[in-house]
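Here's a quick briefing for anyone meeting this structure for the first time. Have a look at the model, then read on.

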Amino acid sequence: MSRAGQPRPIGLSVFFPAYNDSGTIASLVIAARQTAQKLTSDFEIIVVNDGSVDATPRIADELARTYPDVRVIHHPKNRGYGGALISGFTGATKDLVFYTDGDAQYDPTELEMLWPRMTEGVDLVNGYKIARSDPWHRIVIGRIYHHTVKTMFGLTVRDVDCDFRLMRRHIFDKVTLEKTSGVICLEMMKKITDAGFRIAEVPVHHYHRAYGRSQFFNFRRLFRTAIDVGRLWVDLVVLKRHQRHPTAAGPTHAQAVPVKRDPS
């Protein structure tokens with residue numbers, strides 16, 4: 001309760017993992033601030049600068065100087081997408097945490113569509129792409145990856161790799177993320193599902209990349225991703241280490257609760 005006897009506003013942390021996103025990060029932060037202000041009076045915006053070598057660090061610092069609710073986490077060296085997400089989740093201080101990428105392929109104003117689905121019976125609202133706006137080869141590779149990992153890991157969410165998520169921070173009292181590569185999304189969704197946290201799903205738009213280029217779609221990274229997925233499968237599906245050694249401080253309500261999916 002607040003001092004005036006009114007219910008405390010819901011706290012919201014918004015963060016953007018950013019790597020060489022100088023052409024998009026400012027507009028994303030401004031849009032996220034405008035959206036957050038509509039939803040709650042208690043919010044923060046975080047930019048995780050993952051060792052960018054362009055103007056991203058300077059732009060992020062200027063945003064933090066301009067807006068008191070914006071702050072920056074700097075990685076002196078690139079830690080990978082997973083490393084940026086881990087820093088964002090660790091740095092978030094509010095009860096709800098939303099993240100999306102700094103390349104503007106998702107519109108942060110669509111957080112408004114996720115917000116009402118975060119009801120008392122839901123722990124994570126997962127976006128799924130209405131249509132993927134990428135070159136055809138990325139769409140094909142993405143579909144193969146998506147269907148393969150859903151089968152391998154027994155996942156039921158529509159879109160494992162849609163980086164547009166709103167979640168309760170207490171999830172990470174029980175779920176520990178370890179991967180520093182792009183497979184962290186797969187690791188996260190598998191561990192969250194196995195922990196019994198409840199999931200709702202909302203369709204969101206996906207846009208063409210307006211600035212920069214993907215760091216993922218080349219043969220070397222695809223090969224490394226295949227190796228990482230295989231190792232993760234052994235760890236989470238075969239050995240099930242995350243279930244044998246649960247975090248003691250995890251929320252008790254998350255145990256043995258079925259996953260809730262969008263009926264549409």
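## A quick tour of the fold

Helix H2 has a face turned away from its buried side, and that face carries the exposed residues Arg58 and Arg65. Keep in mind that this is a predicted model. Overall, the protein has eight helices and seven strands, and 50% of its 264 residues count as buried. Take the contacts between residues at least 6 apart in sequence: 81% of them join residues at least 24 apart.

**Helix H2**

- H2 covers residues 56-66 and lies across S1, S2 and S3, running at about 150° to S3.
- Its buried residues are Thr56, Pro57, Ala60 and Leu63. Looking down the axis of H2, you'd find these buried residues within an arc of 125°, so they line one face of the helix.
- As background, an α-helix has 3.6 residues a turn, so residues three or four places apart point the same way.
- What do the buried residues of H2 pack against? Their partners are S1, H1, S2 and S3.

**The sheet as a whole**

- Seven strands make up an open sheet, and reading across it gives the order S3-S2-S1-S4-S6-S5-S7, with mixed pairing.
- Strand S3 (70-75) and strand S7 (199-204) sit at the edges with a single partner strand each, so one side of each has no neighbour in the sheet.
- From one strand to the next, the twist averages 20°.
- Helix H1 (residues 25-39) packs on the sheet too, where it touches strand S1 (11-18), S2 and S3; the direction of H1 makes about 160° with that of S2.

**How the strands pair up**

- In general, strands of a sheet pair through backbone hydrogen bonds, either parallel or antiparallel.
- Strand S2 (residues 42-50) runs parallel to S3, and six bridges join the two. Across this pair, valine 47 stands opposite valine 72 in S3.
- S1 and S2 also run parallel, joined by eight bridges. Here proline 17 has valine 48 of S2 as its bridge partner.
- On to S1 and S4: they pair in the parallel sense over four bridges, and valine 14 stands opposite phenylalanine 98 in S4.
- How do S4 and strand S6 (residues 164-168) pair, parallel or antiparallel? They go antiparallel, over five bridges, and tyrosine 99 has arginine 165 in S6 as its bridge partner.

**A spot to look at: valine 70**

- You'll find valine 70 in strand S3. Is this residue buried or exposed? Valine 70 is buried, with a relative accessible area of 5%.
- Setting aside its neighbours within four places in sequence, valine 70 is in contact with Val29, Arg33, Ile45, Leu63 and Ala64.
- Valine 70 and valine 47 are 23 residues apart in sequence, and their C-alpha atoms are 7.8 Å apart in space.

**Helices H3 and H6**

- Helix H3 (residues 80-91) and helix H6 (residues 184-194) pack at an angle of about 50°, with 9 Å between their axes. That angle makes H3 oblique to H6.
- Which residues make the contact? H3 supplies Tyr81, Gly82, Leu85, Ile86 and Phe89, and H6 supplies Ile184, Cys185 and Met188.
- Sorted by class, this contact of H3 with H6 has seven nonpolar residues, one polar and no charged ones.
- H6 is mostly covered, with ten of its eleven residues buried. Among them are Glu187, Lys190 and Lys191, along with Ile184, Leu186 and Ile192.
- Just after H6 comes glycine 196, which takes a positive phi of about 85°.

Notes: Residues numbered from 1 in each chain as written. Predicted model: local features only at pLDDT ≥ 70, side-chain atom pairs only at ≥ 80, totals over all residues. Heavy atoms only, no water. Pairing = 2+ DSSP bridges. Axes fitted to C-alpha atoms, helices over the stretch in contact; angles between N-to-C directions. Contact = heavy atoms within 4.5 Å. Buried < 20%, exposed > 50% of the residue type's maximum accessible area, 1.4 Å probe, protein only. Arc of directions from axis to C-beta. Parallel < 35°, antiparallel > 145°, perpendicular 65-115°, else oblique. Nonpolar A, V, L, I, M, F, W, Y, C, P; charged D, E, K, R; others polar.
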